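The structure is shown below.

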Amino acid sequence: MVSIKKIGTIDKMGRIVIPVSIRKAISADIGDQLELSLENDILTVKKAISTCVFCNQANDNMKLVNGKYICADCLNSLKD
């Protein structure tokens with residue numbers, strides 16, 4: 001695991017810029033969703049993994065349908 005530490009500033013809108021080096025380390029790109037979690041005083045940010053709304057599996061054959069991800073297998077079973 002890569003260890004990177006950076007300092008960011010929260011702007012008036014509550015946003016913080018994630019430095020390029022950190023975005024590259026987690027393979028995050030513009031438009032990707034990030035998962036934020038808070039435990040005690042530790043904020044964790046990681047790239048969200050898209051899972052199928054029906055079977056909860058994650059794979060490379062996901063289709064976005066009305067804002068929900070559906071895997072190819074479940075999509076095919078819906079067509080039947």
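## Largest pocket

The largest pocket of this predicted model has a volume of about 1,100 Å³. Its lining comprises 28 residues, of which Ile 18, Pro 19, Ile 22, Ile 26 and Val 45 are the closest to the pocket centre. Three elements, helix 1 (20-25), strand 1 (34-39) and strand 2 (42-47), each give two or more residues to this lining.

Classified by residue type, the lining of the largest pocket contains 18 nonpolar, 7 charged and 3 polar residues.

## Second largest pocket

The second largest pocket has a volume of about 160 Å³. Gly 31, Asp 32 and Gln 33 line this pocket, together with Lys 47, Ala 48, Ile 49, Ser 50 and Tyr 69. By class, its lining is made up of 3 nonpolar, 3 polar and 2 charged residues.

## Cysteines and disulfides

How many disulfides does a search of the whole structure find? The search returns 0 disulfides. In general, a disulfide is a covalent bond between the sulfur atoms of two cysteines.

For Cys 71, the closest cysteine sulfur is that of Cys 74, at 3.6 Å, which is too far for a bond. The cut-off applied to a pair of cysteine sulfur atoms is within 2.5 Å. Seen from Cys 74, the closest cysteine sulfur belongs to Cys 71, again at 3.6 Å and too far for a bond.

Are these cysteines buried or exposed? Cys 71 is buried, with a relative accessible area of 4%. Cys 74 also counts as buried, at 13% relative accessibility, because the term covers residues under 20% relative accessible area.

Terms used. Residues numbered from 1 in each chain as written. Predicted model: local features only at pLDDT ≥ 70, side-chain atom pairs only at ≥ 80, totals over all residues. Heavy atoms only, no water. 1 Å grid on protein atoms, 1.4 Å probe; cavity = no way out; pocket = protein on both sides within 12 Å on 5 of 7 lines; lining within 4 Å. Points joined across faces, edges and corners; volume = space filled by probe spheres on them. Helix = DSSP H or I, 4+ residues; strand = E, 2+ residues; numbered from the N terminus. Nonpolar A, V, L, I, M, F, W, Y, C, P; charged D, E, K, R; others polar. Buried < 20%, exposed > 50% of the residue type's maximum accessible area, 1.4 Å probe, protein only.
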